[in-house]
Structures are given as structure tokens and as C-alpha cells.
Amino acid sequence: MVWEEQFKIHSQYTGSNCRMTLPSMAQLFQDSAEAHTNHVSSGYYEMLEEGTAWVLSRICYEIVQYPMLYQDCTVRTWSRGAEGVFALRDFEFYNTENQLLVRGSSRWVVIDINSRRLMRMGDRFMHGFESVPRKAIDYDLGKMTMPDNLQRVNELRVPFSAIDKAKHVNNSVYLRWVADNLELQDLEKNVKFIEINYIHETQMGELITINRHKYGDTYHFSINNSKGVGFLCRLQMAE
């Protein structure tokens, strides 16, 4: 089953150049994935009753064309089944002319909300999802590696507004921190590809450091929290 959600790109989803921001892309994909899980009775409240929660672990995006202010978009998302501890989910954004705007792939895990430990995936959590074998993007979402020479570019104390219902920093907030720490000349340039690993959760009040390395048109970011490296990102700018 391919799940579809319709969105209009209102002002809150866009930046100064009237195109959708990277955090908004992440948020709309998350909203669509959440709607799908609710439809098959594997959503937030059902999981909460079992003391578990879905958590995004890895994701990549290819931006073919930026969604723009007031544009109507369709987000399509589907399960590709499970692989080890991961549930696989792909997604695509389309405009009203059925032109592809954004596509990507993700891996999710289930955690115990009290111990914060990973749960075995199995049929218990995948029940109800019809697996669709089609890949939105041909890319292997493995463990990321970083260059050795990342430099600290910022640090901040995590505010309450960054925390979501899973009691940790929402995945889209990390992308906001990345976007805010591009080099000045790149702030309004187009990004064409993003790869992310979420490694350790970050909680309210933690002091985090944002580290960056740029080579050519490619950025590498790491965000460290009290547990060590919590987040890794590779971001490629368009020419």
C-alpha cells in the first residue's frame, strides 16, 4: 500500500527565497509516515500503550526540484518491509503535474520508551503494513563515516521547543541546525542530496556542539551531545 497525503506549501514551510526549507521537508515526510502508521493501528497511541515508539534512524533525500510557496504537493510513502532491527520506508514528493520533486529512503527502529533500548522488529510492529518492494531511490543507507578534520562551528543548549512527543530532539530540528550553520555564501543555495544517521538521542537542556567540514560542494556535519556523537550528516550542494 502506498500512502498519500496532500499538502499546500504555506509560509511556515518556506524560507526567505519562498522555497521549502530542509526541516519542513523532514517534517512533512514524518507527518505522512505517522499518518500511515495511524491508519494501520501502529501509531503513537497504540505504541504508547505497549511502552514503545517509532524512532527515525537513517534517512537520505534527493531534491530534484524544490517545492515552492503556495504549491500543492502530494507526499507518497510506503513500507518496504523489515531488515534486521530496521523498518524500511521510502517516500516521494510530487506536484500537481505529477512531477517528482523530492525522493528518499529511510530506516526506522522501535525503542522501549522507558529503557530507550532497541526492540526486535518482527511481525509485532510490521503487522498491517503491506510491503511495497519498489525503491524510491537506489542508495544504500549504511553507517556513515566522517572526515577527521571537522571543526567546531557552534554550540547551544537544547531548548524545550526542540523536544517532541518521544521526549527527545525531533529529527527535523537537527536539519534546522545544519541549515543554520552552512557557510554564509551557501545559505540560500540549493541542496541536492542529504544523508543522515541519527545515533544517540538528545534531550532538553543538553549542551551540544555542531562540527563542520566542507570540501568542494560537499559538507559533513556532526552534532555531539553528552553521549558522544549523536548525529551525522552529509549534504551536497547543487552546482
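On a 1 Å grid over the protein atoms alone, a pocket is an open set of points where a 1.4 Å probe fits, with protein on both sides within 12 Å along at least five of seven lines, and its lining residues are those with an atom within 4 Å of a point. The structure shown is a predicted model, in which local features need pLDDT of at least 70 and side-chain atom pairs count only at pLDDT 80 or more, while totals for chains, interfaces and linings use all residues. Residues are numbered from 1 along each chain as its sequence is written, and side-chain values use heavy atoms, with hydrogens and water left out.

**View 1. The largest pocket and its lining.** The largest pocket is lined by 47 residues, and those nearest its centre are Trp54, Val55, Leu56, Ser57 and Val109. Among the elements that give two or more residues to this lining are helix 1 (22-39), strand 2 (52-63), strand 5 (100-112) and helix 4 (171-180), where helices (H or I, at least four residues) and strands (E, at least two) are DSSP runs numbered from the N terminus. Strand 2 provides the largest share of the lining, seven residues. The space in the largest pocket comes to about 930 Å³, a volume being the space filled by probe spheres set on the grid points, which are joined across faces, edges and corners. By class, the lining has 24 nonpolar, 14 polar and nine charged residues; here Ala, Val, Leu, Ile, Met, Phe, Trp, Tyr, Cys and Pro count as nonpolar, Asp, Glu, Lys and Arg as charged, and the others, Gly among them, as polar.

**View 2. The second largest pocket and helix 4.** Of the 17 residues that line the second largest pocket, Arg19, Thr21, Leu22, Ala179 and Leu187 lie nearest its centre. The elements that give two or more residues to this lining are helix 1 and helix 4, and helix 4 gives the largest share, three residues. The volume of the second largest pocket is about 340 Å³. In helix 4, seven of the ten residues are buried, including Tyr174, Leu175 and Trp177, where buried means under 20% relative accessible area, exposed over 50%, and partly exposed in between (1.4 Å probe, protein chains only).

View 3. Twelve aromatic pairs are found in a search of the whole structure. One of them joins Tyr44 and Tyr45 edge-to-face, at 5.0 Å centre to centre and with 70° between the planes. Rings of Phe, Tyr and Trp (its six-membered ring) pair if their centres lie within 6.5 Å, and planes under 30 degrees apart count as stacked, over 60 as edge-to-face and the rest as tilted. Tyr44 is partly exposed at 26% relative accessible area, whereas Tyr45, at 62%, counts as exposed. Ring pairs also link Phe29, Tyr61, Phe91, Phe93 and Trp108 into a cluster. Arg19 lies over the face of Tyr66, 4.6 Å from the ring centre, and Arg76 lies over the face of Tyr94, at 4.2 Å; a charge sits over a ring if NZ of Lys or CZ of Arg is within 6 Å of the ring centre and within 35 degrees of the ring normal.

**View 4. Strand pairing around strand 3.** Strand 1 (residues 3-8) pairs with strand 3 (residues 72-83) in the antiparallel sense over six bridges, and Gln6 has Thr74 of strand 3 as its bridge partner. Two strands pair if DSSP finds at least two bridges between them. Strand 3 and strand 4 are likewise antiparallel, over nine bridges.
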